[in-house]
Amino acid sequence: MNELALPEPLVQRLKNIYRAMEEDYDEVARQLRFGCSGCPDNCCDSYFLHHTSIEWAYLWQGMRQLSPEQQREILHRAAGVVRVCQEELTHGRRPVVMCPLNEHGLCVLYPYRLLVCRTHGVPAVMTRPDGKRLSFPGCFRCQEVVRARGNDAGVPFVDRTRLLQQLVMVENELTQRFRRPRPRIRMTIAEMLVEGPPTLP
Ligand code: SF4
Ligand code: SF4
């Protein structure tokens with residue numbers, strides 16, 4: 001099967017979206033005086049599903065920067081993570097298992113990490129295409145910071161709507177090249193690694 005090639009202009013647009021998300025995040029974190037330093041948790045063990053071919057392909061651009069040995073180690077860990085997640089889900093539990101890209105508490109593919117990795121933490125909202133507005137309170141530690149401020153009405157937040165719409169547009173431009181539609185993507189990072197880079201459906 002042919003690997004899905006990522007046109008450079010789309011990569012640049014994805015990077016711009018990622019950068020803008022980080023800036024929005026940093027601004028809200030600054031206003032809340034919130035940061036991850038000293039956190040007893042590491043949210044890289046959270047169970048998240050990811051939905052775009054472009055992020056999946058870009059993650060693999062990062063993988064290819066690593067040495068063959070490091071890639072092998074990561075893929076070995078990823079296979080273990082996929083196994084544990086399947087077992088947990090089978091038993092009706094939400095998996096809590098460290099991402100295979102996390103080494104000693106740090107992300108080995110930090111510049112290539114996915115959207116969720118860049119947005120989890122501070123309060124956020126998002127308006128869906130059907131007009132429904134979703135709210136995210138932020139991670140447990142940020143919620144503590146918000147509670148300590150004691151003024152819920154004045155809580156700053158990131159509005160993810162515009163940048164998510166831009167991501168959907170980039171994804172649509174990429175997938176227009178498919179000969180037939182790919183089934184909806186609902187994959188963990190470990191699954192994106194174990195599957196290898198995305199291919200043309
Ligand atoms: S986002 Fe929240 S839970 Fe995750 S590392 Fe930062 S402070 Fe900890
Ligand atoms: S890709 Fe990186 S930041 Fe995202 S969960 Fe994995 S280790 Fe954490």
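Met21, Tyr25, Arg118, Thr119, Val122, Ala124, Val158 and Arg160 line the largest cavity. The model is predicted: local features need pLDDT of at least 70, side-chain atom pairs count only at pLDDT 80 or more, and totals for chains, interfaces and linings use all residues. Residues are numbered from 1 along each chain as its sequence is written, chains are lettered from A and ligands numbered from 1 in the order written, and side-chain values use heavy atoms, without hydrogens and water.

A cavity is a set of points on a 1 Å grid over the protein atoms alone where a 1.4 Å probe fits but cannot get out; lining residues have an atom within 4 Å of a point. The structure holds one cavity of 30 Å³ or more. The largest has about 30 Å³ of space, the volume being that filled by probe spheres set on the points. Helix 1 (8-32) and helix 4 (115-119) each supply at least two lining residues.

Strands are DSSP runs (E, at least two residues), and helices are H or I runs of at least four. Pairing takes at least two bridges. Three strands form an open, mixed sheet in the order 4-3-5. Strand 4 and strand 5 (158-159) are its edges, each pairing on one side only. Strand 3 (124-127) and strand 4 (133-136) run antiparallel, joined by four bridges. Thr127 partners Arg133. Five residues separate these two strands in a hairpin, where Gly131 in the turn has a positive phi of about 90°.

How values were computed
1 Å grid on protein atoms, 1.4 Å probe; cavity = no way out; pocket = protein on both sides within 12 Å on 5 of 7 lines; lining within 4 Å.
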